[in-house]
Structures are given as C-alpha cells and as structure tokens.
Amino acid sequence: MKVFRSAFIMFFIVLTIMVSTGCGGGGEKVEGEINLKLGHALDINHPVHKAMKFWADTLKKATDGRIIIKIYPGGQLGAEKELVEQLQMGTLDLTKVSSAGLEAFVPQMKVLGMPYLFSSKDHKWKVLNSAVGKELLAAGSDRGLIGIGFYEAGERSFYTKNGPIRTPADLKNLKIRVIKSPMAINLLKTLGASPTPISWGELYTALQQGTVDGAENNPPSFVSARHYEVCKYYSLDKHTSPMDVVLAGKKAWDKLTEADKAIMIETFNVSVEYQKQLWAEVVKQNFAHLDSVGVEVIIPDQVPFIEAVAPLYKEYAKDEVISSLLKKIQAINAE
C-alpha cells in the first residue's frame with residue numbers, strides 16, 4: 001500500500017510540472033495528439049514496466065491527453081538490440097534497454113558494467129544525477145539515440161542449477177548466461193566462468209535443457225521469468241549494478257517542441273521516484289516468494305569477488321574514455 005499511496009501523491013506533482021512547463025491552463029499547446037510507440041522486452045509484472053506505464057499515465061494527464069505513449073511489452077517488437085536499431089531507423093519512438101545491452105551502440109555505457117562500481121545506492125544515484133549521468137545519456141546522440149533517463153535495475157547476482165556460488169572458484173568452467181555485452185563477457189571470463197550469450201526469451205529453455213548451468217540477474221527478473229523453477233541457488237554476490245536506460249529515437253525527438261521535451265523529461269523523473277519505491281517493495285516480495293518455493297539464497301563474502309575482478313580495472317585504465325568516467329565516479333564517492 002505504501003507504493004500506491006506514494007503514487008497517488010506523485011500525481012499531484014504533475015500540477016507543478018504543468019505550471020513550470022507551460023502546459024495546461026493558459027499554456028500554448030500544439031494542435032493534435034502526439035502518439036509515441038515504446039517497445040521493451042520485460043514482462044508486464046516487472047516494476048520497470050509498471051514505472052513506464054506510470055510515466056505514460058502521468059504524461060497524458062500533464063498534457064491533457066495530448067501526448068500519448070503506447071507501450072508494447074514482452075518483446076512484442078523485438079529483443080533489445082532490435083529495439084535500439086528500430087529507434088535509429090525511426091520506426092520506433094521510445095525504448096528501455098539495459099545499459100549492458102547498449103554498450104555496442106554507446107561504448108561509454110561499459111562503465112556501468114564495471115564490477116563493484118558504486119559504494120552504495122546513494123552513491124549510485126548521486127552519480128547518475130550528476131554531470132556524469134548527463135554525459136552518459138548524451139553519449140548516444142550522434143548515433144540517433146537520445147537518453148531520457150535511468151531506472152533502478154538493482155544488483156545482478158548469480159543463480160545456478162547444480163550448486164551454490166560461494167566463492168569465485170565455484171564459477172570455474174560453469175556455463176553462465178550473460179547478455180551480449182563485452183563488459184559482461186569479460187567479467188565472467190575474469191571470474192573463471194564460461195560466458196554464454198543467450199537472448200532473454202530463450203533462457204528458460206536453455207536452463208531446463210542444460211545449455212547453461214546458470215545465469216545472473218536482479219531479483220525481479222529472476223522471479224518474473226520463473227527461472228527459480230529450474231535454478232534453486234541464488235548467490236547474492238551483487239557483482240554489477242547496471243541501469244535500465246530509457247531512450248528516444250532522434251527522429252521522434254526532433255519532432256517535439258522544446259516545451260514537450262521538457263515535460264517528457266519532467267514526467268519521466270516523477271516516474272523514476274515511483275519506480276525506486278516500487279522496486280524496493282517488489283524485491284521484498286521476491287525474496288519472500290523465493291523462500292516459499294525452496295530457493296536457497298546465499299550471501300557470500302564479497303571480498304574474494306572484488307579481489308578477483310581487480311584485473312578488469314587495470315585493463316580499462318588503458319581505455320581513455322572509460323578511465324576518465326571511472327575517475328569522475330570515484331571522485332563523487334570521495335566527496
């Protein structure tokens with residue numbers, strides 16, 4: 001109930017947005033509806049999908065129904081790579097993609113896949129709300145990808161079929177599904193596992209058939225995809241904390257007035273605060289459910305994992321772009 005009370009309160013924030021952006025009341029309006037198509041690959045029960053629906057509802061209310069986002073969830077319009085390509089072609093207006101899946105299009109996003117990057121959740125959001133976050137969102141603009149903002153995606157941890165992961169040694173030679181991300185693949189190799197890129201929609205079957213020994217993801221994704229039916233060990237090493245990134249295609253974005261762009265971003269930011277609360281509530285429910293279905297949740301010592309991935313930091317120190325971003329992120333932590 002806490003989330004839904006907060007959601008009700010947040011709708012009143014829309015009134016402030018309408019005043020500050022000149023929408024509603026005596027504000028000048030563009031004639032006719034603006035219909036935007038948003039595709040993503042998540043289940044409709046996922047907190048990120050619910051946040052995007054909240055965004056669409058808030059935006060519609062703030063513009064008196066003039067700007068409408070229609071959401072196509074569950075990979076109806078394709079996997080993440082295909083959705084990003086559709087943005088670039090102009091056949092899709094908006095999408096949500098993991099920062100890991102975005103690396104092939106926006107190399108700067110690799111920094112969000114660095115293991116144990118943030119010292120705390122507060123540090124993470126301080127970084128994302130800083131000039132560093134704005135730099136990352138702007139990094140894809142010359143590739144036709146306009147960053148709107150970030151959603152919480154929690155921490156990724158390992159889940160496996162045949163035994164728990166307590167130390168990096170337990171990963172040796174295990175086939176672990178990863179997203180097709182250079183950083184994620186490199187991380188798994190550094191930990192001694194055999195990274196196996198498989199699309200999200202095919203992963204349940206791959207786990208069932210033994211194509212892979214396990215995977216890694218956050219609790220809502222693990223539960224909503226029902227991977228706990230196959231994998232009975234969830235080891236909370238929390239090796240990475242990538243973000244979900246909401247993008248607009250340049251073709252769609254350039255059609256909007258500056259006022260419309262402002263209200264798109266303002267209403268999105270309202271949805272981010274809602275999503276943070278929803279995420280926390282859903283994660284609590286996830287662990288209660290995992291306990292009820294007999295999944296063993298392991299909390300390993302992170303120190304051996306942090307030590308095992310240290311070579312990655314030495315490797316990426318040679319990459320000027322990533323090295324520069326890392327220094328800025330670490331400087332924010334030191335403030």
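This is a predicted model: local features need pLDDT of at least 70, side-chain atom pairs count only at pLDDT 80 or more; totals for chains, interfaces and linings use all residues.

Biologist: What volume does the largest pocket have, and which elements each supply at least two residues of its lining?

Modeller: The general idea is that rolling a probe the size of a water molecule over the atoms shows where empty space is left. Here the largest pocket has a volume of about 720 Å³, and at least two lining residues each come from α3 (80-89), β3 (94-98), β6 (175-178) and α7 (200-209). The largest share, three residues, is supplied by α3, and the lining as a whole divides into twelve nonpolar, nine polar and eight charged residues.

Biologist: How should I read the second largest pocket, and which residues are the closest to its centre?

Modeller: The second largest pocket has a volume of about 360 Å³. Its lining is made up of 17 residues, of which L128, L137, I148, G149 and N269 are the closest to the centre. Helix α10 (258-292) gives the largest share of this lining, six residues, while α4 (121-128), α5 (131-138) and β4 (145-151) are also among the elements that each supply at least two. By residue type, the lining of the second largest pocket divides into nine nonpolar, five polar and three charged.

Biologist: Since α10 has come up, what span should its 35 residues have?

Modeller: At 1.5 Å a residue, the 35 residues of α10 should span 51 Å, and because the C-alpha atoms at its ends are 50 Å apart, the model agrees with that expectation. After α10 comes G294, which has a positive phi near 80°.

Biologist: How many cavities of 30 Å³ or more are there, and what lines the largest cavity?

Modeller: The count comes to three cavities of 30 Å³ or more, and the largest cavity holds about 110 Å³ of space. Of its 14 lining residues, A100, G113, R156, A184 and T240 are the closest to the centre. Two or more lining residues come from each of α6 (182-190) and β9 (233-240), with α6 giving the largest share, four residues.

Biologist: Now the charged pairs: how many salt bridges does the structure hold?

Modeller: In general, side chains of opposite charge can pair when their charged atoms come close. This structure holds 17 salt bridges. In one of them the side chains of D260 and R66 meet at 2.7 Å, N to O, and the pair links distant parts of the chain, with D260 in helix α10 and R66 in the loop between α2 (47-62) and β2 (67-72), 194 residues apart.

Biologist: Are D260 and R66 buried or exposed, and where do K81 and E85 lie?

Modeller: Both D260 and R66 are buried. K81 and E85, whose side chains meet in a salt bridge at 2.6 Å, N to O, both lie in helix α3, four residues apart, or about one turn of the helix. E85 has 28% relative accessibility and therefore counts as partly exposed.

Biologist: Which residue forms a salt bridge with K328?

Modeller: That partner is E135, the closest N and O atoms being 3.0 Å apart. This pair, too, links distant parts of the chain, as E135 lies in helix α5 and K328 in helix α13 (residues 320-334), 193 residues apart. E135 counts as partly exposed because its relative accessibility is 34%, and K328 is partly exposed with a relative accessible area of 35%.

Terms used. Residues are numbered from 1 along each chain as its sequence is written. Side-chain values use heavy atoms; hydrogens and water are left out. On a 1 Å grid over the protein atoms alone, a cavity is a set of points where a 1.4 Å probe fits but cannot get out, and a pocket is an open set with protein on both sides within 12 Å along at least five of seven lines; lining residues have an atom within 4 Å of a point. Grid points are joined across faces, edges and corners, and a volume is the space filled by probe spheres set on the points. Ala, Val, Leu, Ile, Met, Phe, Trp, Tyr, Cys and Pro count as nonpolar, Asp, Glu, Lys and Arg as charged, and the others, Gly among them, as polar. The expected span of a helix is 1.5 Å times one less than its number of residues. A salt bridge is a side-chain nitrogen of Lys or Arg within 4 Å of a carboxyl oxygen of Asp or Glu. Buried means under 20% relative accessible area, exposed over 50%, partly exposed in between (1.4 Å probe, protein chains only).
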